[in-house]
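These are my notebook entries on one chain, set down in the order in which I looked things up. The model comes first, and the entries follow.

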Amino acid sequence: MRNLKRALAVLFVLALALLVLFFVLENQQTVALVLFGWSAPEMPVAVPVVAALLVGLAIGPLLGAYGVLRSKRRLRATS
């Protein structure tokens, strides 16, 4: 059972990597982003999208862990 879960996890990661690679290869047109008057240099549209994905993948688990730790503290305080 453990080997099946490991194989499914590997297949999922490979499928996700192929999907990201396909997205990057299909979106090579350049775009310049402007935010509050600050203009970023022109880059392929896939770069900011993949960067946003990676930032979300990093911040999401951190916020989840913070919520779990906060609820554990709250439970300990009421016990």
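I began with residues 26-77, whose end C-alpha atoms lie 53 Å apart and whose span is 63% helix and 15% strand; I took helices (H or I, at least four residues) and strands (E, at least two) as DSSP runs, numbered from the N terminus. UniProt, in an unreviewed entry, places the feature "domain: Lipopolysaccharide assembly protein A" at residues 26-77. I note that UniProt positions are given in the numbering used here, that feature names are shortened, and that annotations may be inferred rather than shown by experiment.

Before going further I recorded that this is a predicted model, in which local features need pLDDT of at least 70 and side-chain atom pairs count only at pLDDT 80 or more, while totals for chains, interfaces and linings use all residues. Residues are numbered from 1 along each chain as its sequence is written, and side-chain values use heavy atoms, with hydrogens and water left out.

Next I looked up the feature "transmembrane region", which the unreviewed UniProt entry places at residues 48-69. Over residues 48-69 I find 100% helix and 0% strand, with the end C-alpha atoms 32 Å apart.

How do the axes of H1 and H2 cross? I find that the axes of helix H1 (residues 2-26) and helix H2 (residues 46-78) come within 9 Å and cross at roughly 155 degrees, the axes being lines fitted to C-alpha atoms, for helices over the stretch in contact, and the angles running from 0 to 180 degrees between N-to-C directions. That makes H1 roughly antiparallel to H2, a term for angles over 145 degrees. Val20, Phe23 and Val24 of H1 make the contact with Ala46, Val49, Val50 and Leu53 of H2, where contact means heavy atoms within 4.5 Å. I sorted the residues of this contact into 7 nonpolar, no polar and no charged; Ala, Val, Leu, Ile, Met, Phe, Trp, Tyr, Cys and Pro count as nonpolar, Asp, Glu, Lys and Arg as charged, and the others, Gly among them, as polar.

I then checked the length of H1: at 1.5 Å a residue, its 25 residues should span 36 Å, and the end C-alpha atoms are 36 Å apart, which agrees. The expected span is 1.5 Å times one less than the number of residues.

Is H1 covered or uncovered? H1 is hardly covered, for I count 0 buried residues among its 25, with buried meaning under 20% relative accessible area, exposed over 50% and partly exposed in between (1.4 Å probe, protein chains only). Phe12 is found in H1 and, at 59% relative accessibility, counts as exposed. The C-alpha atoms of Phe12 and Gly67, 55 residues apart along the chain, are separated by 27 Å.

My last entry concerns Phe36, in the loop between strand S2 (34-35) and strand S3 (38-39). Phe36 has a positive phi of about 55 degrees although it is not a glycine. Most residues other than glycine have a negative phi. At 83% relative accessibility, Phe36 counts as exposed.

How values were computed: Parallel < 35°, antiparallel > 145°, perpendicular 65-115°, else oblique.
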